[in-house]
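Open the model in your viewer and keep the selection panel at hand.

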Amino acid sequence: MNSYLASILIFTGINLISVLGMFLLMGLTGLLSFGQVGFMAIGAYVTAISYMRFGLPFGAGLLLGVGVSLLVGLVIGTVTLKLRNDYFALATYGFAEVIKNVLIYFSGYTGGSMGVFGIPAIVTLPMVIVIFLAALVLCRNFKVSKLGRNSLAIRNDELAAKVMGINTFKQKLLVFLFSAVFGSVAGSLLAFSTYYIEPNMFNWSKSVELIVIVFFGGINSLTGVVFAGMALTLLPEILHFGAEWRMVIYTAIIIVTMIYRPTGLFGRWELSLSQILGWIKGRRKSAVGRGGRGA
Amino acid sequence: MKEQPKTLLQMNNVTMRFGGVVAVNGVNINLSEGRLAGIIGPNGAGKTTVFNLISGVYDPVEGDIRFRDQVISGKSPSEITHLGIARTFQNIRLFKGLNVFDNVKMATNCRTEYSFMEGVLGLPRVWRQEKESAAEVERYLELVGLLGYENTWPENLAYGLQRKLELARALATKPALLLLDEPAAGLNPTEIRELMDIIRRIHKELDMTILLIEHHMDMVMDICEELWVMNFGKVIANGDPEHIQREPEVLRAYLGS
């Protein structure tokens, strides 16, 4: 495969992994968070620094990044998740900015605003695909189990959810941490596929991008979110849009979606395994029928 | 000799204030196990506030609430649901992102035991419990007459059916005490008769203690065994329906003479 295409696909896969985290948090649980990019930064920097400075293997560094993200997430989540949803969004924005500034300030380790250079490209396309599929399966399990029902209930009516026996704070915290893991893993993969990382890669606009994708795909549709993630990451790459035009397109998409399809492109529709099998079977049957064995 | 019925719910001198307004003022309620009882009273008498206090939406300013001799005032709504109290809402509060089936199924969540990790990994225990819950949900949907609507979105249901769905959802937490906040509001006479049958069936077949708030006097007088009458945040009368109907205080509250 041509390496340009491979690198675009790797980038798309990584983006999809953090989009999935955002889907659980914002789509299913209704928590608008600008902090997802903060966890990506933590994952990227922890893995990169532990590899470059301390010779930790990539896999171990990735897990270390997840561990740090969980610890930070626990602190941030405990403090902010008791806030009303709009204040929570603001607080997570602050969190992401703080992470960015910490990275710039502690330049001895992080290289400051210059970033970390010379990270080897360990991440391969098959690796990204496997991790993405694993993440997808986890998300699907989440959605079809009581976890998904609890989250959707909280998103729709938090008081009623409480009265029906859900510990809403605990559920929100668990989802927040879980999505932080997705962000952190995506960050680690990103660092080891782009040669260098710098704080500005983890701007708040990156979180906005994730939010737009979830919003566009459908806040209650895993299928839609994966589709939107692919479309909105691949298209600008293929069409070579500059970064400034990307934001314009994203905001336009938000406005159009809000007006014409407030539940997102796919709404609540999901592609299920049985549907796919059904199509294949139907095809076969009609093929057999055409083969002259009918009647 | 007949056994003395045990007290299930006890409100001792409970007071609730919102700013300067005393919504509930020194209320005492003693509900025996197995009762089908009601709270009536004019609008603004504090009935729904009593429900909000029992279900933990508010904490009382004074007094305490006991359920099976355990103090529940101060506990969170979800803890109280786990102890065995469920409720419906006067203004229907169904979950719009979940279909009819999942609206009821989510209420069984408080009894499923698998953890977050088991859930996302999709371990066998998850599927076993999900299956058990699904069977239960069918039972409750059948009981309230909503079989066949499993895949409908709640906002597409007729009003009367939405009320029934709320009822099924509350039942699915398997409560010992069921609080119904104006279950007949907005229903037509036929639907009210149906609802009365359902409530009687729940009371008998599922062996639940039921406390309901209602404005339809015919219904209340017909199905309730015991009544509390509230006015201006106070309980002004308590007793069986026949006794209540002759109470001068009650007549004054309702007729305003």
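How far apart are the end C-alpha atoms of helix α6 (residues 159-171) of chain B? Select that helix in this predicted model. The end C-alpha atoms are 19 Å apart. At 1.5 Å a residue, its 13 residues should span 18 Å, so the two values agree.

Stay on α6(B) and colour by burial. Of its 13 residues, 10 are buried, so the helix is largely enclosed by the rest of the structure.

Next, show what lies over them.

Now the interface. Chain B brings 30 residues into contact with 23 residues of chain A. On the chain B side, select α2 (77-83), α3 (100-108), α4 (116-121) and α5 (124-144); each gives two or more residues. By class, that side has 12 nonpolar, 11 polar and 7 charged residues.

Cross to chain A and switch to cartoon. Chain A has 13 helices and 0 strands. Its radius of gyration is 20 Å, close to the 19 Å from the globule rule for 295 residues, so chain A is as compact as a globular protein of that length. Colour by burial again: buried residues are 48% of the 295 in chain A.

Last, draw the contacts within chain A. Among those between residues at least 6 apart in sequence, 80% join residues at least 24 apart.

Terms used: Residues numbered from 1 in each chain as written. Chains lettered and ligands numbered in written order. Predicted model: local features only at pLDDT ≥ 70, side-chain atom pairs only at ≥ 80, totals over all residues. Helix = DSSP H or I, 4+ residues; strand = E, 2+ residues; numbered from the N terminus. Rg over C-alpha atoms; globule rule 2.2 N^0.38 Å. Buried ≥ 20, exposed ≤ 12 C-beta atoms within 10 Å, placed from the backbone. Contact = placed C-beta atoms within 7 Å. Nonpolar A, V, L, I, M, F, W, Y, C, P; charged D, E, K, R; others polar. Expected span 1.5 Å × (residues − 1).
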